[in-house]
Amino acid sequence: MVSKNTMGDDGAMQGNAGRHMLATVIVRQARDQVTVRRLSRRVAELLRFTAQESIRIATAVSEILRIARMHAGRTRVSFLIVTEAAPVLEVRIEHEGEDKRGLSRLAASTESGIDAGFTSARRLMDSCRADEHADAIVLGRQLPAATRTDPASLAAVRAELSQTEIGDDIAEVEQQNRELLETLAELRQRQEELTALTRELEDTNRGVVALYAEIEEKAEKLRRSDEMKSRFLSNTSHELRTPLSSIRVLAQLLLDRIDGDLTPEQEKQVEYIKHATTGLSELVNDLLDLAKIESGKVEVYCDQIDIAALFGTLRGMLRPLTSSDAVALIFEQKDAATTLCSDEGKLSQILRNLVANALKFTESGEVRVTASIEALSGMMRFDVSDTGIGIANEHLPLIFEEFEQVANPLQQRGKGTGLGLPLCRKLATLLGGRIDVVSTPGKGSVFSLLLPIVGETCTAQLPATAAQDGTKT
Ligand code: ADP
């Protein structure tokens with residue numbers, strides 16, 4: 001028969017402050033297993049595990065006890081609370097007797113009946129391990145947060161356990177039947193939930209697929225309208241260019257007095273016409289460039305570019321834009337930045353645009369164009385820095401959008417279409433590079449153009465020494 005013994009902390013656990021014994025049972029015969037199962041459930045219930053969890057614990061203990069009894073005959077089952085870290089219910093199953101029967105080795109057994117039992121127990125508990133020193137199998141399950149583990153509460157549990165009726169086997173079989181039915185009902189409910197979830201997932205999947213199709217369709221529409229916009233811009237720009245240059249030439253003829261003299265008022269008005277036509281021509285040219293790039297009609301002609309010579313040309317072209325002596329225009333080559341292989345026309349167009357902007361938005365100080373080789377990426381870097389009005393952070397992403405201009409008093413100083421920077425960015429991408437900008441309002445801006453030293457479509461060879469030479473201008 002089973003002998004049940006409930007011990008206090010001053011019993012077997014003396015000197016082991018974090019371990020509190022609740023009950024010990026000696027199992028002598030097969031039917032005692034039923035009793036242990038019932039006791040396990042009772043212990044779990046008293047420790048405030050839910051009914052379902054109590055069944056799980058009782059099942060795990062029964063299963064390991066069944067295996068242990070096959071190897072050890074008389075077995076001792078102890079229920080303890082371990083409060084060293086998070087409080088845990090520990091159930092120790094060991095041979096009752098002096099000699100060791102190798103119970104702890106069972107945990108690693110690959111024999112199918114034993115292995116399956118341990119796998120189930122591990123699923124039902126938090127842990128199921130071997131204590132080789134004591135030759136025991138130890139099951140562990142963290143206590144519910146609401147369970148109290150102070151000495152008084154544990155003493156109350158012990159007292160309850162000592163009065164627990166062991167009961168008869170029939171009652172336990174009936175109880176197990178009820179548990180089985182409950183578990184089956186729970187399983188069926190889980191199955192239904194799973195089916196519902198799968199259905200929901202299928203619906204969501206169908207929705208996602210439909211959304212993807214819609215996005216594809218919208219993207220295709222966007223692509224088409226983008227193409228149409230480029231074609232429209234390119235066609236209208238072409239149509240506008242001829243009449244515009246005729247107007248400009250006619251205005252010049254009038255100003256040159258080819259068809260007779262002009263009154264001062266007439267001269268002023270013709271000047272207006274010429275000025276407006278020039279502005280319009282520039283806008284049309286920018287639009288045409290953008291449309292060409294967008295439609296992929298722009299060819300890149302790579303060749304070797306001597307940076308000193310390029311800077312010389314740019315200096316000559318841009319100096320007239322420096323409206324006063326208050327702004328110095330400086331070109332500087334650093335380190336090994338002497339040569340690169342790219343499309344000179346497009347590079348020059350980007351730099352002209354950036355320098356023209358810098359001069360337009362700088363009233364005093366300097367505009368400096370620096371060529372250097374960026375150590376990290378090995379790319380050629382052109383910095384156009386100014387000491388002008390700068391750009392607020394929130395406007396930085398906008399200025400690369402078509403027709404975007406930041407309102408400021410200097411906007412009126414020169415021509416402006418809001419197309420320069422988008423064009424520069426597209427050209428830089430075309431050349432395999434990019435444009436970055438950093439700016440501080442009131443202090444100035446730095447626009448950086450980064451280009452590969454040898455462009456992708458480049459067939460020309462750079463001189464071997466180009467990367468090492470360094471000159472300053
Ligand atoms: P545009 O110069 O023809 O107006 P851009 O596309 O070249 O068009 O520039 C867009 C806007 O970005 C400018 O109108 C100006 O507000 C701002 N911007 C560009 N460069 C600078 C700069 N160096 N300093 C301050 N603002 C600048």
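This section describes the ligand site, a pocket and selected residues of a predicted model. Residues are numbered from 1 along each chain as its sequence is written. Local features need pLDDT of at least 70 and side-chain atom pairs count only at pLDDT 80 or more, while totals for chains, interfaces and linings use all residues; side-chain values use heavy atoms, with hydrogens and water left out.

The shell around the ligand holds 21 residues, of which N357, D386, Q405, T417 and L421 come nearest; a residue is near a molecule if one of its heavy atoms lies within 4 Å of it. By class, the shell divides into 9 nonpolar, 9 polar and 3 charged residues. Here Ala, Val, Leu, Ile, Met, Phe, Trp, Tyr, Cys and Pro count as nonpolar, Asp, Glu, Lys and Arg as charged, and the others, Gly among them, as polar. At least two shell residues come from each of α8 (344-360), α9 (420-430) and β13 (444-451). Helices (H or I, at least four residues) and strands (E, at least two) are DSSP runs, numbered from the N terminus.

A backbone N or O atom of L421 is 2.8 Å from a ligand oxygen. For a polar backbone atom of V406 the distance to a ligand oxygen is 3.0 Å, and for one of G418 it is 3.1 Å. The ligand taken alone exposes 530 Å², and 98% of that is buried by the protein. Accessible areas come from the Shrake-Rupley method with a 1.4 Å probe; for residues, only the protein chains shown count as cover.

The second largest pocket contains about 180 Å³ of space. A pocket is defined on a 1 Å grid over the protein atoms alone, as an open set of points where a 1.4 Å probe fits, with protein on both sides within 12 Å along at least five of seven lines; lining residues have an atom within 4 Å of a point. The volume is the space filled by probe spheres set on the points, which are joined across faces, edges and corners. The lining consists of Q52, I55, R56, T59, L124, T183, E186, L187 and R190. Two or more of these residues come from each of α2 (51-72) and α5 (169-255). The lining has 3 nonpolar, 3 polar and 3 charged residues.

Further residues of these two helices were examined. R69 is found in α2 and is buried at 17% relative accessibility (buried means under 20% relative accessible area, exposed over 50%, partly exposed in between; 1.4 Å probe, protein chains only). The C-alpha atoms of R69 and N393 are separated by 76 Å, at 324 residues apart along the chain. T195 lies in α5 and is partly exposed, at 35%. Its side chain reaches the backbone oxygen of Q191 at 2.7 Å.

Most residues other than glycine have a negative phi. D135 is in the loop between β5 (127-131) and β6 (136-142) and is buried at 5% relative accessibility. F403 is in the loop between β11 (380-386) and α9.

Notes
A polar contact is a pair of N or O atoms within 3.5 Å; within protein, one must be able to donate a hydrogen and the other to accept it, and residues adjacent in sequence count only if both atoms are side-chain atoms.
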